[in-house]
Amino acid sequence: LTTIDGDALATYSASIPTGANGTVIAISLIDGALYFASQEVTIAGDETIELEVLPGSLQSLQNLLSTLD
C-alpha cells in the first residue's frame with residue numbers, strides 16, 4: 001500500500017481510512033546499527049508523518065513491538 005517517494009514512503013490515496021488510529025514505526029539499519037522510532041497517529045486526511053529514528057537496542061525494539069495489539 002506504499003510507494004517510494006524520494007527518501008520517504010507514500011500511501012495510495014484512501015488506502016488508510018480517515019479516523020483510523022494506529023502506531024507508525026520506522027526501523028532502519030545505519031552502518032550496521034539499529035535505529036527506530038514510533039508515533040501514535042489518527043489519520044485525518046492528507047497529512048505527512050515524520051519520524052526521527054534514533055539509535056536503540058534490539059531489546060528496546062522488541063519491547064516496543066510487544067506492546068502493539
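The secondary structure of this chain comes to one helix and five strands. Helices here are DSSP runs of H or I with at least four residues, strands are runs of E with at least two, and both are numbered from the N terminus. Read from the N terminus on, the elements go β-β-β-β-β-α.

A word on what we are looking at. This is a predicted model, in which local features need pLDDT of at least 70 and side-chain atom pairs count only at pLDDT 80 or more, while totals for chains, interfaces and linings use all residues. Residues are numbered from 1 along each chain as its sequence is written, and side-chain values use heavy atoms, with hydrogens and water left out.

Now the chain as a whole. Its C-alpha atoms fill a box of roughly 35 × 30 × 15 Å along the principal axes. Of the 69 residues, 10% count as buried. Buried means under 20% relative accessible area, exposed means over 50%, and partly exposed is in between, with a 1.4 Å probe and protein chains only. The accessible surface of the chain is about 5400 Å², and 52% of that belongs to carbon and sulfur atoms. Those areas come from the Shrake-Rupley method with a 1.4 Å probe; for residues, only the protein chains shown count as cover. Among the contacts in the chain with a separation of 6 or more, 26% are between residues 24 or more positions apart. Contact means heavy atoms within 4.5 Å.

Strand E1, residues 2-5, and strand E2, residues 8-11, pair in the antiparallel sense over four bridges. Two strands pair if DSSP finds at least two bridges between them. Thr3 stands opposite Ala10 in E2. There are two residues between the strands of this hairpin, and Gly6 takes a positive phi near 70° there.

Thr2 is also in strand E1. Not counting residues up to four places away in sequence, Thr2 touches Leu9, Ala10, Thr11 and Tyr12. Thr2 and Ser15 are 13 residues apart along the chain, and their C-alpha atoms are separated by 8.9 Å.

On to the sheet. This is an open sheet of three strands in the order E3-E4-E5, with antiparallel pairing. Its edge strands are E3 (21-30) and E5 (54-55), each pairing on one side only. E3 and E4, the latter being residues 33-42, run antiparallel and are joined by 10 bridges. Within that pairing, Thr23 has Glu40 in E4 as its bridge partner, and Ile27 has Phe36 in E4. As a general point, side chains in a regular strand alternate between the two faces of the sheet.

Ser28 has its place in strand E3 as well. Ser28 is partly exposed, because its relative accessible area is 25%. Leaving aside neighbours within four places in sequence, Ser28 is in contact with Ala33, Leu34 and Tyr35.

Then the loop between E3 and E4, where Asp31 lies. The hairpin of E3 and E4 has two residues between the strands. Asp31 counts as exposed, because its relative accessible area is 82%.

Last, the largest pocket. A pocket is found on a 1 Å grid over the protein atoms alone: it is an open set of points where a 1.4 Å probe fits, with protein on both sides within 12 Å along at least five of seven lines, and lining residues have an atom within 4 Å of a point. How much space lies in the largest pocket? About 1100 Å³, where the volume is the space filled by probe spheres set on the points, and points are joined across faces, edges and corners. The lining has 32 residues, and Leu9, Ala10, Thr11, Val24 and Ile49 lie nearest the centre. The elements giving two or more residues to that lining are E1, E2 and E3. E3 gives the most, with eight residues.
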